[in-house]
Amino acid sequence: MNFLEYVKDKKILHVSHSKPDCDAVASVYWGIEFFGGDYYFHDVTSNKVLALMEYLQLDPDKDPPPDTKDFDLVIVYDTERRSNVDYIDLDVTPYVIFDHHPRETEFVRGAVYSYKIPNSATVVNLYNFSIENGIDLLTNEKVRFAFAVALYSDTIALKTARENELKLLGELLGNRKVEDILDLFSRRPIRSAMFIKDLTSYREMIVNNYRIGVIETNGVEDEVHVFVDGLFYPFGLDLLIAVTPMGLKFHVKKVYVQKIYHKVLVKLEKEWGIRRDHGIWVGFYDVDRLIEELHKRM
């Protein structure tokens, strides 16, 4: 399919997964800039995301969700799961998917077109798609910077970035600095008093020679990001368990993702019938039970 010909003159709605991250927002903005149309974001909760949306002059508070019957096409960004966009009806309107997650799903197979390559972020795929299709995104300052913000965020503040991501980040930033991304985030600071209070809940243990930290948060997902970005490595952690109002959220040291996350946490998730949404074990809070299992399995 010639995608550019296919979308020409169509009335388009651009959407992403619930609780969008910076990658989702930057991707939607790319679509709006180059194909036109309307957009909708569902359940925006992150201060980082709100800061990026303010910079891009996107509205996080549109309500209710638009009726997809009013559009010729829906473009879905940064998710391969139908459940992540269940706030709109995709049974009545053709949809397209741009994504970077590795799983192939029925939702992806039902798209009239998909550009889905496993990668560090959806914006990396959109950058490559733009080059392949003669879309000059590098002359669009806001798209470039939004892509840089997304790439920085989806590589956990560059902790998982490799050569290709770092080269692309340099190209996207141009004369800007990484500090400009942090300055953007500082426009929407977390509540420092609340974060410091939550830090007092922190506890640490050694489980079969792995250092595990546990922290309870009051629901601001950016608090978990701050801990991961700033304290995870200085504390020498191998696994962080964050107790959030929605359930448990994890961060695993990269070298142990296969050994701890896939071979232990994912298996427990299936055995215990836990529903995972945006990396959170929804409704599960029993840290002690989990630690007991980690002693047996790690």
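Colleague: Which strands does helix H2 lie across, and at about what angle does the helix run to E1?

Modeller: This is a predicted model. In it, helix H2, residues 22–35, lies across E1, E2, E3 and E4. Relative to strand E1 (12–16), the helix runs at about 170 degrees.

Colleague: What is the order of the strands in the sheet?

Modeller: In general, the strands of a sheet pair through backbone hydrogen bonds, in either a parallel or an antiparallel way. Here the sheet is open, has five strands in the order E2-E1-E3-E4-E5, and shows parallel pairing. Strand E2 (38–40) and strand E5 (113–116) stand at the edges; each has a single partner strand, so one side of each is left without a neighbour in the sheet. On average, and ignoring direction, neighbouring strands are turned by 15 degrees against each other.

Colleague: Over how many bridges do E3 and E4 pair?

Modeller: Strand E3, residues 73–77, and strand E4, residues 95–99, are paired in the parallel sense over four bridges. Within that pair, Tyr 77 has Phe 98 of E4 opposite.

Colleague: Which residues does Phe 98 touch, leaving out those up to four places away in sequence?

Modeller: Among them are Phe 3, Trp 30, Ile 75, Tyr 77, Tyr 113, Leu 126 and Phe 129. Phe 98 is also one of the residues with the most contacts inside the largest nonpolar core, which has 54 residues. Others named for this include Leu 52, Leu 58 and Phe 147. Helix H6, residues 141–154, supplies the largest share of this core, nine residues. A second, separate core has 26 residues, including Met 205, Val 207, Leu 265 and Val 287.

Colleague: Helix H6 also holds Arg 144. Which side chain of opposite charge is nearest to Arg 144, and how far away is it?

Modeller: The nearest is that of Glu 141, 4.1 Å away. Arg 144 is buried yet has no salt bridge. Leaving out residues up to four places away in sequence, Arg 144 touches Leu 137, Leu 138, Glu 171, Leu 172, Leu 173 and Gly 174.

Colleague: Is Val 44 buried or exposed?

Modeller: Val 44 counts as buried because its relative accessibility is 18%, and the cut-off for buried is under 20%. Val 44 is found in the loop between E2 and helix H3 (47–56). Beyond its neighbours within four places in sequence, its contacts are Pro 20, Val 49, Leu 50, Met 53 and Pro 60. The C-alpha atom of Val 44 is separated by 32 Å from that of Glu 5, which is 39 residues apart from it along the chain.

Colleague: What should I look for in the backbone angles?

Modeller: Most residues other than glycine have a negative phi, and most peptide bonds are trans. Lys 19 is not a glycine, yet has a positive phi of about 50 degrees. Lys 19 lies in the loop between E1 and H2. Gln 57, also a residue other than glycine, has a positive phi near 60 degrees.

Colleague: Where does Gln 57 lie, and does it count as buried or exposed?

Modeller: Gln 57 is in the loop between H3 and E3. Gln 57 counts as exposed because its relative accessibility is 66%.

Colleague: Which two residues does a cis peptide bond join?

Modeller: Asp 63 and Pro 64 are joined by a cis peptide bond, with omega at about 0 degrees. Pro 64 has its place in the loop between H3 and E3.

Key:
Residues are numbered from 1 along each chain as its sequence is written. This is a predicted model: local features need pLDDT of at least 70, side-chain atom pairs count only at pLDDT 80 or more; totals for chains, interfaces and linings use all residues. Side-chain values use heavy atoms; hydrogens and water are left out. Two strands pair if DSSP finds at least two bridges between them. Helices (H or I, at least four residues) and strands (E, at least two) are DSSP runs, numbered from the N terminus. Axes are lines fitted to C-alpha atoms, for helices over the stretch in contact, and angles run from 0 to 180 degrees between N-to-C directions. Contact means heavy atoms within 4.5 Å. Buried means under 20% relative accessible area, exposed over 50%, partly exposed in between (1.4 Å probe, protein chains only). A nonpolar core is a set of buried Ala, Val, Leu, Ile, Met, Phe, Trp, Tyr and Cys residues joined through side-chain atoms within 4.5 Å. Lys and Arg count as positive and Asp and Glu as negative; His and the chain ends are not counted. A salt bridge is a side-chain nitrogen of Lys or Arg within 4 Å of a carboxyl oxygen of Asp or Glu.
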